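Have the coordinates open in your viewer and take a slow walk through them with me. We will go from overall dimensions to individual residues.

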Amino acid sequence: METMRVQNVTPNDLPWKIKYDASRCTLCGSCVAACSFRAIEAKVERRRMVFSEGDFPEPKQRFSAVPVIRQVKNIKNYCRGCGICEKVCPNDAIGPERNPDTRHPIITRCLGGDSIKRGGRKNLESATRTLDKIRVGRISQMTDPSLDAQRHTFDLLAPFGRIMPPKKLPLGVGPEGLLQTEANMPPVRWIYPVIIGDMSIGALSWRMWEAVAMATAYLNEECGLPVRMCSGEGGVPVRLLKSRYLKYMILQIASGHFGWNRIIKAMPHMVEDPAGILIKIGQGAKPGDGGLLMAQKVAEHIQAIRGVPKADLLSPPNHQGLYSIEESVQKMFLSFNAAFKFRVPVAIKVAASATSVSVFNNLVRDPYNIVGGFFLDGIDGGTGAAHEVSLDHTGHPIVSKLRDCYLAAVAQGRQGQIPLWAAGGLGKTGDLAADAFKMIALGANGVFTGKLILQMAGCVGNDQGRCNACNTGLCPVGITTQEGPLVHRLDPEKVAQNIVNYFLAMDTEFKKLMAPIGNSSLPVGRSDALVSTDQSVADKLQLQYVC
Amino acid sequence: MCRIGAIKSLNYVHPCQALKLMQSQQKGHDNSGFAMVMHDLGGIFEAYKDMPTLSMACTDEGVKIAEDILHEAGFQRVMQWVPETSDQPGLDIIAMPNYVFETFDYPRQYRNADQKAKEDLLVDMRLILRKALEKDELGFVYSFWPDVITLKEIGDPRDIGTYFNLWEPDKNFTARVITAQCRQNTNYDIVRYAAHPFFLQGYTALANGENTFYLKNVEFQRKLHRGYIGFESDSQCFLYSLHYVHHELGWPLSYFKHVITPLPFEDIEHREDKEQLLAIRQSLAHLEINGPNTIIGVLPDNTMFTCCDAKKLRPVVVGRTEDTVVISSEVCGINEILPDRDWETDIYPHEREVVAIDNNLEVQRWRQ
Ligand code: SF4
Ligand code: SF4
């Protein structure tokens, strides 16, 4: 007998164990072929079989080599629990099972000597979400009748762009008693209150990115919903930059400035202005960390769009050369405003943090009125790749932080001047309309969402550690990978259709929430429409406590 | 529910007309109070149109404090009118001990001051008085403005009328514009300040309805002007928005409607003045109202107007004769005081219009 080696990795050390029923398996090989992580393999087992052939029991034994499917036991090709094997197995013979005794966080660090990286979302489950302790509790009835979600019209739009204080509006009364504009005003776009969040063309597969862009165009052109999509850092295909669909895109610039050389080169050929510019300072899922695109995902077209060789692409955690908030305002915003001749709103995205309010205050008090949106990203959001320790342990929840920023604006009489957009785990339970509506009543002008869009496309990951392998370039459903065979698993038209349908459903649900509180335009800051079943949530957010 | 009414006439009208206007609609309100603001005063006040009149209800101590403050500030009393009250047993009224209507001349240093300086002074004085009398409810200061009188009381409007002898017309106490309302604010605490009409710097507003953007309005208005205080009623927000748009921003009245009930984006898109309308909608988003409402307002130049919320869920009608225009929640009120008018010319304003009546009683209908 061999000496026992305690340090060897066994399935019991890994987060998922494969449950395999050899008696059902026909050895078709589908699962092994489908597992993008190579976490299962075909193997041969030596089996002993006892049998008897005569009229009387006369046990004999026979040894044979039997092909089986086995779990790979190493920390590189470990099972992510994605369930693709189960999906493709015609006989229900195989599937992953969560292993509560996993030693994965320890052995991975011990064996690798490096921090754990992954994609996805925070995996430390907290108790019930704050938003689920809040209800839309002010129902219109009697003297203030509710509206009819089917019959009435609703104005479901949110501003993107800097809004002037009323006394600074350059409006004068003309000869016929009509107001006339006497000077330029900052550009403001009224758009759907849900922006498709910033996911870069490198993080997503080209099919996925195209599907999202397709859904965005369809929602605008066929459904009348002015939904905007943010490019994420990493550029935009030139074809899109030169097309009229550019007007639905918010272009992002982040600390790596990836893709911007192409954008700038395309500027003379643009037939439409982009919907806006979003300067990304930080991201909620991994605050303090820059973007991370592993070399595995830097395919040829990504190299072309970003203008880089095949290598790990790390955006610095900071915009180099920005030392102060004032500087970010003056330097970056002015240059982008100037680049598009002050026709395109420029906004900023930061990770929610204990200091968000000070940052917001600085921006809202800036006398030039140029910051056109404050995108605040909370901890529960997702990411393509990050260090696990950042994902799980850094960041700030979005709900109270958004509220703090809104109330800071209220205290100065500046609410609405820099539109507030919130994100970070919104729609996590699948119900974005409710989450967005509550955030709006707490003071957001709108929300942005990324992870949920992946979910619509068929992402199998979740907050309990399932899959979350977006960093590997091996996304089993073709969403966050650049591997041809994997990407082809994704049907972009179906994805676009799902996104469109989800938005249509959400639009109806928004109305179903507006009607009972009797409002026909978005109730931004109408916290009186909300109640909380949790005293501390009520206190913190200044809501009515109910029980 | 609330009922509101207003009379504007070429002739001076006695408040008994306002009482009658409201009394006929009494099934629609809860008879819990009576409040009115009179602009363009006749009778004994006619000779003092340029000098501010203080309207206040208070205790003896309150009178003293207020007068001391005003004298200290240099105001000199030129006229005083104390309504004769008849405190019969059984009247449903929670009366204050004193009702003070005193007209003052400006402090010497202000006599040649410009209009704005005077206006600011009057607002500041009223705010100081209000604050000084707030403690222990020593008194309620409703208005301090030239050519304007305010009366507010808690109780049955009929009995309030009896108490102040308002049922009997006389020539001493009249005005060309009277706005009235018969209900204490039942949504919130019963406080005298919570009764419409509300008044600020020459502007009066009263409303029938419920403003569900109250919180948004309040949170924004608090920072806009020192006079935007109280907020005892959600309808005060209408007054402050009116004052802000017309007085502070200096925009024509028609834009008040664009601020409180902006056009849907779809409609704005097709307008020539799209740029201005969007700018208004953006910068004044927090003054938008929601919920069923009808508003009646009076401007400093005594123009009277009415408009509704955008879904028009509260009624209002405008009736008129040669010399009088009446706005009322219910047509029965108009029938009562203008029985011989041609009712075919009555106007039932729709959700997108402002009906304004100027001093020649010319009725204008502006479509938003
Ligand atoms: S669950 Fe996914 S990762 Fe695990 S073996 Fe099956 S296909 Fe591979
Ligand atoms: S399915 Fe793809 S996108 Fe979803 S968690 Fe897994 S790797 Fe990430």
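Predicted model: local features only at pLDDT ≥ 70, side-chain atom pairs only at ≥ 80, totals over all residues.

Let's begin with chain A. Its fold contains 16 helices and 23 strands. A compact globule of 547 residues would have a radius of gyration near 24 Å, and the 27 Å of chain A agrees with that.

Chain B has 10 helices and 16 strands. Its radius of gyration is 20 Å, close to the 21 Å that the globule rule gives for 368 residues, so chain B is as compact as a globular protein of that length. Along the principal axes, the C-alpha trace of chain B spans about 60 × 45 × 40 Å.

Now for some helix packing. In chain A, find helix α12 (residues 432-442) and helix α15 (residues 492-514), which pack at an angle of about 50 degrees with their axes 8 Å apart. That angle lies between the cut-offs of 35 degrees for roughly parallel and 65 degrees for roughly perpendicular, and α12(A) and α15(A) are therefore oblique to each other. Their crossing is right-handed. On the α12(A) side, the contact is made by Leu432(A), Ala433(A), Ala434(A), Ala436(A) and Phe437(A), while α15(A) contributes Tyr502(A), Met506(A), Glu509(A), Phe510(A), Leu513(A) and Met514(A). Sorted by class, this contact has 10 nonpolar residues, no polar ones and one charged residue.

The crossing of α2(B) and α3(B) is right-handed. From α2(B) come Gly62(B), Ile65(B), Ala66(B), Ile69(B) and Leu70(B), and they meet Met125(B), Ile128(B), Leu129(B), Ala132(B) and Leu133(B) of α3(B). Nine residues of this contact are nonpolar, one is polar and none is charged.

Next, turn to the ligands. Around ligand 1 you will find Ile18(A), Cys35(A), Phe37(A), Ile40(A), Cys79(A), Arg80(A), Gly81(A), Cys82(A), Gly83(A), Ile84(A), Cys85(A) and Pro96(A). This shell divides into nine nonpolar, two polar and one charged residues. The surroundings of ligand 2 include Arg121(A), Cys459(A), Cys467(A), Asn468(A), Cys470(A), Cys475(A) and Thr480(A). By class, the shell around ligand 2 has eight nonpolar, three polar and one charged residues.

Most residues other than glycine have a negative phi, and most peptide bonds are trans. Asn468(A), however, has a phi near 50 degrees, a positive value in a residue other than glycine. You can find Asn468(A) in the loop between α13 (451-457) and α14 (484-487) of chain A, and Asn468(A) is also one of the residues surrounding ligand 2.

Where does chain B hold a cis peptide bond? One joins His196(B) and Pro197(B), with omega at about -5 degrees. To locate it, follow chain B into the loop between β8 (175-181) and β9 (198-200), where Pro197(B) lies.

How values were computed: Residues numbered from 1 in each chain as written. Chains lettered and ligands numbered in written order. Heavy atoms only, no water. Axes fitted to C-alpha atoms, helices over the stretch in contact; angles between N-to-C directions. Helix = DSSP H or I, 4+ residues; strand = E, 2+ residues; numbered from the N terminus. Parallel < 35°, antiparallel > 145°, perpendicular 65-115°, else oblique. Left-handed = near helix turned anticlockwise from the far one by under 90°. Contact = heavy atoms within 4.5 Å. Nonpolar A, V, L, I, M, F, W, Y, C, P; charged D, E, K, R; others polar. Near = heavy atom within 4 Å. Rg over C-alpha atoms; globule rule 2.2 N^0.38 Å.
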